[in-house]
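Hi,

Here is the structure I promised to pass on to you.

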Amino acid sequence: MAQREIVRFGDETLRKKCSEVTKFDETLWSLLDDMYDTMMENNGVGLAAPQVGELLRVVVIDVDDDNGRIELINPVITMMRGKQTDSEGCLSHPGKYGYVKRPAKVRVKALNRYGKPVEYTGTGLLARAFCHEIDHLNGILFADKVIEWIEEEN
């Protein structure tokens, strides 16, 4: 396992749609492990493959709850309910934070690292993380959805 370089805001890679994963092998497992290490080393709660330069529909999330490490391959949001507005940041846009409106509850279907179906339901921060990271897979950045930027303190 290793850290990977995070692609920064302004890089066109972040604006591209990602391809579905069709091979569930050591290459994918290595990517997942590297993404998790990179996310944790940078104090993140989620990381999408395009953020490490891989245009694949792969996400890792860990919001420090009972779910622990979540790996989503080819994720699809199947349900969104309610509304929440809270601050968000992004490892690809360090030091920038803004308020973003998201669903309060989200259900996601995906595949795990072995190609087996998984399903998660999240509220609060987990729902926010699902939406934020799946947006990355479609070339959408949190900055596109900010309704108010949070001023940095000196």
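**Strand pairing**

Strand β2 pairs with strand β3 (residues 70-81) in the antiparallel sense, over four bridges. Strands here are DSSP runs of E with at least two residues, helices are runs of H or I with at least four, and both are numbered from the N terminus. Two strands count as paired if DSSP finds at least two bridges between them. In this pair, Ile-61 stands opposite Ile-70 in β3. β3 also pairs with strand β6 (residues 105-111), again antiparallel, over six bridges. There, Ile-73 stands opposite Leu-111 in β6.

Before you go further: this is a predicted model, where local features need pLDDT of at least 70, side-chain atom pairs count only at pLDDT 80 or more, and totals for chains, interfaces and linings use all residues. Residues are numbered from 1 along each chain as its sequence is written, and side-chain values use heavy atoms, with hydrogens and water left out.

**Pockets**

The largest pocket has a volume of about 400 Å³. For the method, a pocket is an open set of points on a 1 Å grid over the protein atoms alone, where a 1.4 Å probe fits, with protein on both sides within 12 Å along at least five of seven lines; lining residues have an atom within 4 Å of a point. Points are joined across faces, edges and corners, and the volume is the space filled by probe spheres set on them.

The lining of the largest pocket has 22 residues, and Gly-44, Val-45, Gly-89, Cys-90 and Leu-91 lie nearest the centre. The elements that give two or more residues to this lining are β4 (84-88) and α2 (124-137), and α2 gives the most, with five. By class, the lining has eight nonpolar, 10 polar and four charged residues. Nonpolar here covers Ala, Val, Leu, Ile, Met, Phe, Trp, Tyr, Cys and Pro, charged covers Asp, Glu, Lys and Arg, and the others, Gly among them, are polar.

The second largest pocket comes to about 160 Å³. Its lining includes Arg-4, Glu-20, Lys-23, Asp-25 and Glu-54, and splits into four nonpolar, two polar and five charged residues.

**Leu-55**

Leu-55 is found in the loop between β1 (46-48) and β2 (58-61). Leaving aside residues up to four places away in sequence, Leu-55 touches Thr-13, Lys-16, Cys-18, Ser-19 and Pro-50, where contact means heavy atoms within 4.5 Å.

Enjoy exploring!
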